[in-house]
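Here's a friendly walk through one protein model. Have a look at the sequence and the 3D view first, and then we'll go through what holds the parts together.

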Amino acid sequence: MDWVWLALQESSFAQFVRNSVWFYPAANILHLLMVMVFFSLVAAMDLALLRVLGDEKPRALIARLRPFAIAAFLAIAATGNVLLAPEAVPIAGNAAFQLKLAAIALALANVGLNAWMVRTRGDRSGLVRVTAGASLVLWLSVAAMGRSIAYF
């Protein structure tokens, strides 16, 4: 797998990012903004499933917010690749980055499990609430590991 990181780091795209005065900082700012937007949307959906938001119908809220959350997630992935490319090899070896990738995988699996459980058990199921709570913890862990990359 090291060859993938090396190829990314030595790509013309990574060279462009390294040599640009504005591209990396702009991607960094956009990445952080999209993380905030994404987590706000995820929190609203999960808190609705946890019945913290009152009488809001969780399924209706999720149907309205999910497309925006997907768009924000895709923007995070795109800007994350910009941030990764110039230093892909050392970042890929970073324990916080590896934990972040694992947390993203778990969080995405949890999204699928949550959606399946809402469809099959309804939005009032106790297990749906467990997956909603796990979602909050997992996505916060992703953000924490992202911020920790600089310190590992």
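Which side chain meets that of D123 in a salt bridge? The partner is R51, at 2.9 Å from N to O. A salt bridge here is a side-chain nitrogen of Lys or Arg within 4 Å of a carboxyl oxygen of Asp or Glu.

A quick word on the ground rules: this is a predicted model, where local features need pLDDT of at least 70, side-chain atom pairs count only at pLDDT 80 or more, and totals for chains, interfaces and linings use all residues. Residues are numbered from 1 along each chain as its sequence is written, and side-chain values use heavy atoms, with hydrogens and water left out.

**Salt bridges**

Back to that pair. D123 sits in the loop between α6 and α7, while R51 sits in the loop between α3 and α4, so their link ties together parts that are 72 residues apart in sequence. (Helices are DSSP runs of H or I with at least four residues, numbered from the N terminus.)

The structure holds 2 salt bridges. In the other one, D123 meets R59, at 4.0 Å from N to O. R59 lies in helix α4 and D123 in the loop between α6 and α7, so this pair ties together parts that are 64 residues apart in sequence. Put together, R51, R59 and D123 make a network of salt bridges.

How covered up are these three? D123 is buried, at 14% relative accessible area, whereas R51 is partly exposed at 21% and R59 is partly exposed at 43%. Buried means under 20% relative accessible area, exposed means over 50%, and partly exposed is in between, using a 1.4 Å probe and protein chains only.

**Nonpolar cores**

Now for the greasy side of things. A nonpolar core is a set of buried Ala, Val, Leu, Ile, Met, Phe, Trp, Tyr and Cys residues joined through side-chain atoms within 4.5 Å. The largest one has 23 residues, and F38, M45, L49 and W139 have the most contacts inside it. Helices α3 (23–49), α4 (58–84), α6 (95–121) and α7 (126–148) each supply at least two of its residues. The largest share, 7 residues, comes from α3. There's also a second, separate core of 9 residues, including L84, A88, I91 and M145.

Leaving aside its neighbours within four places in sequence, W139 is in contact (heavy atoms within 4.5 Å) with F38, F39, V42, F73, A107, L108 and V111. W139 is buried, with a relative accessible area of 7%.

**Aromatic pairs**

A search of the whole structure turns up 7 aromatic pairs. Rings of Phe, Tyr and Trp (its six-membered ring) pair if their centres lie within 6.5 Å; planes under 30 degrees apart count as stacked, over 60 as edge-to-face and the rest as tilted. Here are two of the pairs:

| Pair | Centre to centre | Angle between planes | Type |
|---|---|---|---|
| F13 and F23 | 6.3 Å | 90 degrees | edge-to-face |
| F73 and W139 | 6.0 Å | 70 degrees | edge-to-face |

F13 lies in helix α2 (residues 12–19) and F23 in helix α3, so that pair ties together parts that are 10 residues apart in sequence. F13 is partly exposed at 36% relative accessibility, and F23 is partly exposed at 21%. Ring pairs also link F13, F16, W22 and F23 into a cluster.
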